[in-house]
Amino acid sequence: MNDAMSLGVHRLWKDRFMQVLDPLPGTRLLDVAGGTGDIAFRFINWVKEKEQQQRKATPGAEFRLNPLETDEQDSTPEFPSAEDYLNTEQRADTSDTDEKKDSKVIVCDINQSMLEVGKERAKKLELEDDVVWVTGNAEELPFPDNSVDAYTIAFGIRNVTHIDKALCEAYRVLTPGGRFLCLEFSQVSNPLISSVYDLYSFQVIPVLGELIASDWKSYQYLVESIRKFPNQEEFAEMIREAGFRMVSYDNLTSGVAAIHSGFKI
């Protein structure tokens with residue numbers, strides 16, 4: 001659906017999303033409604049690149065993304081629970097004064113079938129041991145308070161029944177100083193672009209849905225859900241009401257999508 005709605009540009013938007021997050025090694029990320037793994041895989045690759053840069057800058061230091069690695073020869077390690085995974089305090093053996101925490105990424109999605117898609121993609125990318133997949137509701141996250149450094153949600157919050165509850169849950173699980181980052185379709189401000197986009201959305205996308213997936217209704221719902229979603233300023237205010245500070249947003253492609261950011265302070 002994202003391909004139809006954005007003509008494939010959503011991949012560039014997700015790349016920009018990760019650039020804005022700019023996670024460092026040691027970051028604990030919770031990606032909500034991210035069953036396909038798009039954001040998680042970008043996070044893993046981003047952090048690994050940062051680790052390589054740090055190795056060059058600090059010869060002899062070691063950084064590990066995967067806290068499930070062991071020295072045993074067990075080829076099928078068991079995933080811990082999400083809470084155990086977040087609370088794991090494994091560290092690389094560098095020195096007593098310069099320890100580096102493992103980076104961690106959990107994908108939480110209410111749709112089990114989407115998680116299965118993500119798992120299969122992870123296997124193909126040889127990243128299956130780098131992600132923990134959890135079935136969970138954005139309005140009632142199965143994670144402790146103050147347990148993650150970053151919370152991301154890309155093209156998912158629009159489908160949450162009670163957006164205010166999801167925002168409060170994001171605030172709860174983030175550590176003080178943690179960052180909330182949301183990528184979502186939004187409202188186009190330019191009247192000319194808006195009229196063209198509306199024509200494409202209502203006249204073309206449902207037809208594509210019928211041709212590609214024999215599913216007119218789902219694609220029609222997609223268009224309507226975007227129009228009902230709060231505009232950039234309204235959504236920013238909802239984020240503030242959940243407790244976040246330093247709230248801002250960045251329009252993408254004239255506002256077809258937007259990245260909203262906030263910090264738990």
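User: Where is the place of Ile-212?
Analyst: Happy to start there! This is a predicted model, where local features need pLDDT of at least 70, side-chain atom pairs count only at pLDDT 80 or more, and totals for chains, interfaces and linings use all residues. Residues are numbered from 1 along each chain as its sequence is written, and side-chain values use heavy atoms, leaving out hydrogens and water. Helices are DSSP runs (H or I, at least four residues), as are strands (E, at least two), numbered from the N terminus. Ile-212 has its place in helix 7.

User: Does Ile-212 count as buried or exposed?
Analyst: Buried means under 20% relative accessible area, exposed over 50%, and partly exposed in between (1.4 Å probe, protein chains only). Because its relative accessibility is 63%, Ile-212 counts as exposed.

User: In which strand is Thr-152 found?
Analyst: The protein chain has 9 helices and 7 strands. Residues 148-154 make up the one with Thr-152, strand 4.

User: Does Thr-152 count as buried or exposed?
Analyst: Among the residues that Thr-152 touches, not counting those up to four places away in sequence, are Phe-17, Leu-21 and Val-32; contact means heavy atoms within 4.5 Å. Its relative accessibility is 0%, so Thr-152 counts as buried.
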